[in-house]
Amino acid sequence: MRLDKYLADAGIGTRSEVKKLIYWKKVTVNGETVDDPAYRLSETSLVCFKGEPVQYSEFEYWMLNKPSGVVSESRKNSLKRGEKIPEGEERTVVDLIRGSGKKDLFPAGRLDKDTEGLLLITNDGKLSHRLLSPAKHVEKTYYAELSGPLTEEAAERLEAGADIGDERPTRPCRIDRIRKNAVHITITEGRYHQIKRMFETEGLTVTYLRRITFGPLSLDETLKPGESRMLTGEEVRSLTEEQGNGK
Ligand code: URA
């Protein structure tokens, strides 16, 4: 790989910024200053920026507390720093990730535009595919506020599986009633508008929805809506080890 691409992928700066840093002799490879951005690295090259080893990883994993009003999509041409959203296009969840060196980030799954909460943003297609595979049944817990009280009988019916007009009823789920009009609901599927459609079968509208867990991840409560952080090594490991419960 070229040295400038390596540094840009590692999040040191944009391609043009890292070229300047290389010309300014801020970068060494195996202890020698290199001033050619096109320098070819080998598998074992040790790259340092201002004397510090550069941590390169192919993939990035971000936890976003998605705010309402933003679509769960990525942008074909990612925005450059400071660049405005093109006219006629909507703000996407990927636009909210600041400080990433990757241009190929995308949301692992979708939340509705008006849903808030935990969304994994990554460029690891294989992991995302595994986590979203319908066969895996990865658990997702949501906090939902409802237009009216949920009776115990209605909760039991939903837990057993609801006919939401699809080919099959929803898989069994878990509902914990928090208040008369608010629940935690844990589902193992990801059908279109699933939670809203489930409560509709009981004559209730979901007035507020926030995802609080996704597989082994829990929403970091210090993140305000719109804020994100990189996953810790431990969180990434827990995701790669996630087996779901659908074997
Ligand atoms: N179910 C919904 O209805 N909406 C979401 O965003 C997620 C699950």
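Modeller: The buried residues of α3 pack against β5 (61-66), β6 (106-107), β7 (116-122), β11 (206-214) and α6 (233-241). Helices (H or I, at least four residues) and strands (E, at least two) are DSSP runs, numbered from the N terminus, and contact means heavy atoms within 4.5 Å. The model is predicted, so local features need pLDDT of at least 70 and side-chain atom pairs count only at pLDDT 80 or more, while totals for chains, interfaces and linings use all residues. Residues are numbered from 1 along each chain as its sequence is written, and side-chain values use heavy atoms, with hydrogens and water left out.

Helix α3 covers residues 125-132, and its buried residues are L127, S128 and L131. Seen down the axis of α3, these buried residues fall within an arc of 100°, so they line one face of the helix. The arc is taken from the directions that run from the helix axis to the C-beta atoms. An α-helix has 3.6 residues a turn, so residues three or four places apart point the same way. On the other side of α3, K126 and H129 are exposed. Buried stands for under 20% relative accessible area and exposed for over 50%, with partly exposed in between (1.4 Å probe, protein chains only).

The N-terminal end of α3 is capped by D124, which has a side-chain oxygen 3.3 Å from the backbone nitrogen of K126.

A search of the whole structure finds one cavity of 30 Å³ or more, and the largest cavity has a volume of about 40 Å³. On a 1 Å grid over the protein atoms alone, a cavity is a set of points where a 1.4 Å probe fits but cannot get out, and lining residues have an atom within 4 Å of a point. Points are joined across faces, edges and corners, and the volume is the space filled by probe spheres set on them.

The largest cavity is lined by L127, R130, L131, K136, V138, L239 and E242. Helix α3 gives the most to this lining, with three residues. By type, the lining divides into four nonpolar, no polar and three charged residues.

How values were computed: A polar contact is a pair of N or O atoms within 3.5 Å; within protein, one must be able to donate a hydrogen and the other to accept it, and residues adjacent in sequence count only if both atoms are side-chain atoms. On a 1 Å grid over the protein atoms alone, a cavity is a set of points where a 1.4 Å probe fits but cannot get out, and a pocket is an open set with protein on both sides within 12 Å along at least five of seven lines; lining residues have an atom within 4 Å of a point. Ala, Val, Leu, Ile, Met, Phe, Trp, Tyr, Cys and Pro count as nonpolar, Asp, Glu, Lys and Arg as charged, and the others, Gly among them, as polar.
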